[in-house]
Amino acid sequence: MKEHADSIRLRVNDEEEFLRLDAGETLLEGLRDAGHYEVKNGCDEGVCGACNVILGDEGVTRSCLVPAARCDGEEVMTVKGLLDDDGDLHPLQEEFLARGAAQCGFCIPGVLVAAYDLVQRNEDPTESEVADALSGNICRCTGYVQQIEAIQAAADQVDRTEGRVEADQ
Amino acid sequence: MSQNKLEDDTDESGAPADTEGDTSAVGESVEKMDGWGLVTGNARYTDDVPTDDALAGRVLRSPHAHAQVRSVDTEAAEAIDGVKAVITHEDVPEKRFTRTGFPYPAPAPFDERVLNETVRFVGEPVAAVAARTADTAERAIDAISVEYEVLDAVFDAETAMDPAEPTLHPEPNENAQPNADRERNVVCETHHEEGDVEAGFEEADTVVEGEYETQVVHHLPLEVNTSVAWIDERERLVLRTTTQVSHICRDTLARAFDLNRTDVRVIKPRVGGGFGVRQDVLPCQFLSAALALETGRKVKLRNERREDLHAAQTRHAQEVSVKTGVREDGTITALHVDVTSNTGAYGCHGFAVLSNAAHEPMSLYPCENRLFTGRAVYTNRTPGGAMRGYGAVQGTFGIESHIDEVADAVGMDPVEFRRRNLVEAGDESFEPESSESKRLLESVGVGECLDRVCETVGWDDRPDRSGERYRRGYGVAVSMAKSGVPNSEFARSHITLEDDGTLTVRVGIGDTGQGSETVMGQIAAEVFGLDVDSVYVKADDTDAVPWDNGAYASSTTYVSGNATEKAARDLAEQVRDLAAERFDVSAEAVKLAEGELRLPGGESVSLGQFAEDVFVGADGPKRRLTGSGRHFTALSPKPFAAQLAVVDVDTETGEFEVVRLANAVDCGTVINPEGARGQVIGGAVMGLGQALSESIDLDDDGVPDHRGLRDYEVMHAPDLPETDVELVETHEPTGPFGAKSVGEVSTLGPAPAVANAIQDAVGVRITDLPVTAKKVWDGLAGDT
């Protein structure tokens with residue numbers, strides 16, 4: 001039905017993918033069309049952070065603002081990249097569940113990507129460092145408090161010594 | 001925060017003592033049942049399924065605030081290759097209805113159609129298109145030519161009541177509300193007096209009057225309003241959509257399109273928030289249904305964020321006047337609250353939001369003489385809808401701001417003044433006679449809540465910084481909400497014992513993230529002493545679950561929770577009967593606890609083993625057990641809150657910061673402490689957004705004055721004050737395991753608490769929301 005104007009190769013969560021693109025598509029649209037429904041469209045104007053992904057060296061990126069055609073050869077990490085090779089939850093995800101930090105969940109893929117970026121860099125973030133890391137995310141349900149607590153609790157469980165992030169048991 | 005375990009008091013509540021020992025589910029912060037999907041990105045919302053086979057729907061919206069649609073020329077649009085349908089008001093049923101999500105007929109005039117010949121606000125749908133691609137649909141929208149006769153418009157409620165102003169709905173409508181006056185754009189008027197308010201003012205030593213005003217804000221759920229509609233293989237209309245009232249959505253669509261109820265199915269997948277905006281049957285739901293019926297094809301209609309902000313229902317703007325008579329000793333002798341509520345272009349929630357606006361906050365002060373007058377008024381604004389707090393945000397801002405002024409007038413501390421006048425257990429509430437809770441409030445923890453926040457923050461030791469540039473101020477507000485609409489809510493729950501001892505709960509609740517599926521699972525698990533992992537709650541499909549009014553009025557835990565507890569107890573009784581037969585003992589002697597059947601003589605068998613034993617073999621199928629429960633009630637027990645804001649104000653600029661917000665909430669028994677805490681914080685932060693920054697303003701032509709989300713200022717994580725939450729447990733004897741509701745009450749207090757704190761800090765009374773630095777500065781400048 002659709003005519004595809006272009007195509008790109010990406011590594012999404014460590015897997016090679018071939019995305020066919022419509023003219024002018026954003027990375028958000030391209031990823032969702034390829035079945036990555038975990039990347040959410042909350043505003044389409046770069047404000048809410050629900051579409052956050054980690055894009056190559058650029059770090060946390062709003063995928064609704066990036067033309068997909070520009071991403072050929074890039075590495076992309078979505079919230080699904082937080083799971084380990086066995087499909088087990090990342091400490092951030094465990095703490096979000098334990099602390100009621102996800103209500104409707106629509107903002108969560110974007111919030112967790114922002115949180116992941118923070119805890120990779122900072123093993124003991126203060127409350128205000130976490131809040132700043134979430135400053136580009138809108139959550140309308142939780143009022144953020146339990147999310148901040150969960151991120152702080154998860155930060156020191158993250159093993160940063162290896163390529164793969166694992167729970168520090 | 002308090003995380004008190006539930007006391008073993010089921011006998012006192014009159015419920016059968018099925019369970020023994022420690023509770024296993026109720027009172028525990030169990031993880032959300034849908035949590036794994038939420039944190040992994042696997043949760044599927046309306047638009048998270050492949051829809052390559054769907055036509056793209058688009059809506060042509062009115063650029064005028066008030067206009068007659070003279071003609072719509074769709075020829076050029078229809079001629080575009082790939083356009084499958086273009087519909088206008090000529091193509092939709094003529095019968096008028098209300099989108100309002102209450103059971104039929106709903107307390108609202110039937111004043112709208114799927115597409116109206118007269119458009120009454122900027123952004124109102126005029127036509128809709130279904131086409132093979134989104135681009136084609138957009139080109140078709142551009143190709144539609146509309147001839148409008150532009151009419152005068154009115155945006156302010158007080159102005160709209162002037163007979164010289166335009167009349168929005170000159171035609172008589174079915175289901176008109178009490179004291180409607182079409183010429184004056186009045187949807188309804190209310191007058192509720194108890195005692196003799198004039199005599200009460202005569203008795204007073206001082207009479208204090210104040211006027212307060214609240215703005216229009218938007219729910220802003222993170223998932224935009226979305227609907228995918230199709231015709232299934234049985235020729236039925238199916239919607240997969242963002243709703244919090246799936247059964248009402250089904251019935252309203254069936255009525256609007258004259259279909260059998262059984263020929264409409266509504267699927268509610270995960271929904272990205274609601275907060276009331278999805279308590280209505282949404283324009284995108286009507287339009288996607290109309291386009292699917294027209295084309296026979298699947299149609300997806302997903303609002304853009306800007307469309308949602310411009311055209312989805314909002315909170316009502318209200319003007320609240322309060323007049324209080326008070327004796328020198330601080331006793332309130334009379335209270336009169338008058339509310340003018342701007343309901344926008346359609347009546348929708350006009351009546352019920354108005355009624356709620358003053359009834360809830362006035363109930364906090366049970367003086368002998370109380371009068372509530374008010375009216376809901378049509379204007380050329382986006383229709384007001386249901387939003388968390390439902391009128392009481394506005395009324396509480398007025399009344400709780402005013403109470404501080406009354407305390408000041410008699411020279412009393414505002415907390416001491418409230419303590420003197422506050423409602424207590426055994427008092428009546430101030431609400432319509434149809435509510436049986438009016439005559440007796442059994443669980444009332446508001447006084448304890450007030451004590452808790454004052455102790456947490458140190459009300460009695462607050463600093464005196466008069467004379468300094470930066471002043472600190474403390475402000476309190478108390479609030480009351482409800483647990484469902486009395487005599488209206490109905491819920492049914494079915495629970496099946498599977499042959500491995502697990503439970504499937506089927507209930508029609510509308511979980512949009514608040515955790516009500518989890519709460520139902522906890523209640524069912526509790527009756528059997530099971531772990532919640534042994535319970536699956538099915539709530540996403542009108543074909544599969546019994547009627548439930550859905551998620552509004554803070555009803556689910558109380559009403560659907562009672563139905564679910566009854567269903568579980570019914571099932572437990574059947575299990576005991578079957579065990580009695582199998583083990584040749586009396587049913588009364590069989591106990592259910594910790595997932596086990598305990599028999600007289602000390603023997604026990606797990607529920608799973610029992611189910612496997614009795615449900616297999618030749619007799620198995622006839623023994624499959626399903627418990628059923630239903631709940632309908634004239635009661636609506638009240639949750640309460642006290643909130644205390646601390647602000648720091650710069651006297652040289654008017655800039656201020658809310659540095660702390662303490663919240664104490666009485667929601668009865670706490671079913672899930674972390675879940676309840678999340679409701680309290682989420683509501684409080686939404687209330688802070690209303691207090692501080694959110695506003696949808698119109699330009700002179702009625703066009704929303706913002707480009708999209710970038711211009712709508714909500715609270716972000718760095719904006720948060722230090723936030724304390726305390727759950728003050730009471731026991732509501734009519735609630736499931738003693739529970740009331742918790743979803744709305746904490747949204748009510750932040751605005752007046754902040755306004756009161758500003759007044760405390762610098763002596764400036766802000767009477768219109770939001771409270772901004774400019775208003776504080778203007779107040780400071782006016783003082784000098």
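Predicted model: local features only at pLDDT ≥ 70, side-chain atom pairs only at ≥ 80, totals over all residues.
The crossing of α3(A) and α5(A) is right-handed. On the side of α3(A), the contact is made by A:Val111, A:Ala115, A:Leu118 and A:Val119. Facing them from α5(A) are A:Gln147, A:Ile151, A:Ala154 and A:Ala155. Sorted by class, this contact between α3(A) and α5(A) has seven nonpolar residues and one polar residue, with no charged residues.

Helix α3(A) also leads the eye to the sheet of chain A. The helix lies across β3 and β4 of chain A and runs at about 40° to β3(A). These two strands belong to an open sheet of five strands, arranged in the order β2-β1-β5-β3-β4 (chain A), with mixed pairing. At its edges are β2 (15-21) and β4 of chain A, each of which pairs on one side only. From one strand to the next, the twist averages 40°. Within the sheet, β3(A) and strand β5 (residues 75-77) of chain A run antiparallel and are joined by two bridges. One residue to look for here is A:Leu55, whose bridge partner in β5(A) is A:Val76.

The next level up is the domain. Chain A is assigned two domains, domain 1 (6-77) and domain 2 (83-155). Taken over C-alpha atoms, the centres of domain 1 of chain A and domain 2 of chain A are separated by 21 Å. Their contact draws 13 residues from domain 1 of chain A and 10 residues from domain 2 of chain A. On the domain 1 side of this contact in chain A, the elements that give two or more residues are β3 (52-55) and β4 (59-62) of chain A. The largest share of that side, three residues, comes from β3(A). By class, the residues on the domain 1 side divide into seven nonpolar, four polar and two charged.

Chain A also meets chain B. Here 44 residues of chain A are in contact with 46 residues of chain B. The side of chain B that touches chain A comprises 16 nonpolar, 17 polar and 13 charged residues.

Chain B itself is divided into domain 1 (55-151 + 225-302), domain 2 (317-485 + 636-783) and domain 3 (488-632). The centres of domain 1 of chain B and domain 3 of chain B, taken over C-alpha atoms, are 39 Å apart. Their contact takes 21 residues from domain 1 of chain B and 15 residues from domain 3 of chain B. On the side of domain 1 of chain B that touches domain 3 of chain B, the elements giving two or more residues are α6 (246-256) and β11 (264-267) of chain B. Four residues, the largest share of that side, come from α6(B). The class count for this side of domain 1 of chain B is eight nonpolar, nine polar and four charged residues.

Some details of the backbone of chain B deserve a look. Most residues other than glycine have a negative phi, and most peptide bonds are trans. The peptide bond from B:Tyr104 to B:Pro105 is cis, with omega near 10°, and B:Pro105 sits in the loop between β3 (83-87) and β4 (118-119) of chain B. Another cis bond, with omega near -5°, runs from B:Leu769 to B:Pro770. B:Pro770 is placed in the loop between α18 (750-762) and α19 (773-783) of chain B.

Positive phi values are also found in chain B. B:Ser554 is not a glycine, yet has a positive phi of about 50°. B:Ser554 belongs to the loop between β19 (535-538) and α14 (556-583) of chain B. With 28 other C-beta atoms within 10 Å, B:Ser554 counts as buried, because the cut-off for a buried residue is 20 or more. B:Phe737 has a positive phi of about 55°, although this residue is not a glycine. B:Phe737 lies in the loop between β26 (722-727) and α18 of chain B. B:Phe737 is likewise buried, with 27 other C-beta atoms within 10 Å.

Definitions and conventions
Residues numbered from 1 in each chain as written. Chains lettered and ligands numbered in written order. Domains from an automatic or database assignment. Contact = placed C-beta atoms within 7 Å. Nonpolar A, V, L, I, M, F, W, Y, C, P; charged D, E, K, R; others polar. Left-handed = near helix turned anticlockwise from the far one by under 90°. Pairing = 2+ DSSP bridges. Axes fitted to C-alpha atoms, helices over the stretch in contact; angles between N-to-C directions. Buried ≥ 20, exposed ≤ 12 C-beta atoms within 10 Å, placed from the backbone.
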